[in-house]
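Welcome! Take a moment to look over the model shown here, and then we will walk through some of its features together.

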Amino acid sequence: MPLTATSRPALWRLARMDFDPVRRRRVLLYPEGTIMLNATAAEILDLCDGERTVADIAATLSARYHTDVSQDVTECLSRLADQEVIRDGAG
Amino acid sequence: MAPGNPTTLLAELTHRCPLHCPYCSNPLELTRAHRELSTEEWMRVFTEARALGVLQLGLSGGEPLVRRDLEQLIAHATQLGLYSTLVTSGLGLTRPRAARLHDAGIDHIQISIQDAERESAERIAGTRSWDAKMAAAALVKELGVAFTVNVVLHRANLDRLETIIDLAATLGADRLELANTQYYGWAMANRDALMPTRTQVEASEAIVDRAAERYRGRMRIIYVLPDYYAAYPKACYGGWGKHYIMIAPDGRALPCHAASQVTTLTFDRVTEHPLDWIWRESPAFQAFRGDAWMQEPCRSCPRKHVDFGGCRCQAFALTGDATRADPVCIRTDDRAIVDAALAHVEAGMEYRYRTMGRGPGQGERQVRTDREQPPNGAVVQPLSSAAAGASPAVDPRSGTASPLRTRA
């Protein structure tokens, strides 16, 4: 599922985010899989609610950091979509 | 070499099992019920594992449902924040039991299926089991937890691969793991009868590719290639002692579920040492960390950080020396051993069914199975379930079974 600016990414129903106190970082857990999230990826995933579009998420985070982060957002979401841990909520 | 933190712990709660699968990967010497760890011991191991960084817990066997404390163990894992997976045959999963597992917080249930049709499936399992498995699948679906169907592939079911995939979809699986047999434990005793033909293996990939496309977004398909037919070995769990710990029913901690057959190693028990010490300091976990242990051709091989010399257990099983290259690798002269095994493929088709307390040749049941029509069969595809990035995420195409599964 290639993501576009109008996709509405949502976390896979069977995946959940958690905080790992041992590694002191957030993690994404799903069947037979673990992804250690960096701070950026965690912030992006927090906004993947199936309502916001990729463009909305990029705009929100760009405003937060006063710089255009849309390319980072697109790359991060595409990687997660390739692993099927996020799905297009609109599709 | 200082290890990082493990991510995955597989708890083999018991060796007791109602099935008699000819490809069982459990050791030839099974642990009796009275030697299994107690409830309290397992709970302590989970707590220690979480403190060590483990995030994924597999509850396997044998058949884990025969443990009456399973719900209690799952509840403890849930409390610790572990993502829990139950690996079951489905036999013994009644409606009340399913509800209790759900209440305890189980995240993911895997049910094994032996084939797409009753007669063959029950012949492979060595017992009546079809109806119980179909009912168990329906129950898991009702619970709404993550649901995986596991199928071990071999010569007798590969020709029905496409039907197997469709059955898993009909059962409503979120994931389907199609793993070609790996030859450890009991499976080694049945290797000639289980080994697929090259035609089957080649046909299987196209079938899986098509099915992955067909079921995209609904059912994720993971395909584990048969490593004997590969040019390079699998990268076992991302390297020895790197991400993964398996605890045997008697409390021995192993870097891999097949490691107990490496008889040159001694495996320490969680009843005698803290898990932290076992992970960081014990000789068995340190034995093949890093690459200092390697011989040629691994030592100077550019792939040594890709596949880590392959499977140590397989190197030991086939050459008697766990520091040699995995004989699957085309860069070692030992590849002749694997080629000789493949040359045998058209040999007999007799299964040696396993029963508790009997080793091979000690009076196990032997049943001649139908001679399967070889060619043109079905089968398999690869889709990465591997969580890129972190974790024991192993490329399914490299032929590595998923970390939580030791048998189906």
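What percentage of the 91 residues in chain A do buried residues make up? The share is 38%. Keep in mind as you read that this is a predicted model. We will start with chain A as a whole, then visit its hairpins and a helix pair, and finish with a sheet in chain B.

**Chain A as a whole**

- Chain A contains three helices and five strands, and from the N terminus on its elements follow the pattern β-β-β-β-α-α-α-β.
- The radius of gyration of chain A is 13 Å, close to the 12 Å from the globule rule for 91 residues, so chain A is as compact as a globular protein of that length.
- The C-alpha trace of chain A spans about 35 × 30 × 20 Å along its principal axes.
- Of the contacts in chain A with a separation of 6 or more, 55% are between residues 24 or more positions apart.

**Hairpins in chain A**

- A handy piece of background: strands of a sheet pair through backbone hydrogen bonds, either parallel or antiparallel.
- Strand 2 (residues 16-20) of chain A runs antiparallel to strand 3 (residues 25-30) of chain A, and five bridges join them.
- Within that pairing, A:Asp18 has A:Val27 in strand 3 of chain A as its bridge partner.
- The hairpin of strands 2 and 3 of chain A has four residues between the strands, and A:Arg24 takes a positive phi near 55° there.
- Strand 3 of chain A also pairs with strand 4 (residues 33-36) of chain A, in the antiparallel sense over four bridges.
- Here A:Leu29 stands opposite A:Thr34 in strand 4 of chain A.
- In this second hairpin, two residues lie between the strands, and A:Glu32 takes a positive phi near 60°.

**A helix pair in chain A**

- Helix 1 (residues 39-46) and helix 3 (residues 70-82) of chain A pack at an angle of about 80°, with their axes 10 Å apart.
- Angles of 65 to 115 degrees count as roughly perpendicular, and therefore these two helices of chain A are roughly perpendicular to each other.
- From helix 1 of chain A, A:Thr40, A:Ala41 and A:Ile44 meet A:Asp72, A:Val73, A:Cys76 and A:Leu77 in helix 3 of chain A.
- The residues of this contact divide into five nonpolar, one polar and one charged.

**The sheet in chain B**

- Chain B has an open sheet of nine strands with mixed pairing, in the order 7-6-5-4-3-2-1-8-9.
- Its edge strands are strand 7 (220-224) and strand 9 (253-254) of chain B, each pairing on one side only.
- Strand 1 (residues 8-12) and strand 2 (residues 56-60) of chain B pair in the parallel sense over five bridges, and B:Ala11 stands opposite B:Leu59 in strand 2 of chain B.

Key. Residues numbered from 1 in each chain as written. Chains lettered and ligands numbered in written order. Predicted model: local features only at pLDDT ≥ 70, side-chain atom pairs only at ≥ 80, totals over all residues. Pairing = 2+ DSSP bridges. Axes fitted to C-alpha atoms, helices over the stretch in contact; angles between N-to-C directions. Parallel < 35°, antiparallel > 145°, perpendicular 65-115°, else oblique. Contact = placed C-beta atoms within 7 Å. Nonpolar A, V, L, I, M, F, W, Y, C, P; charged D, E, K, R; others polar. Rg over C-alpha atoms; globule rule 2.2 N^0.38 Å. Buried ≥ 20, exposed ≤ 12 C-beta atoms within 10 Å, placed from the backbone.
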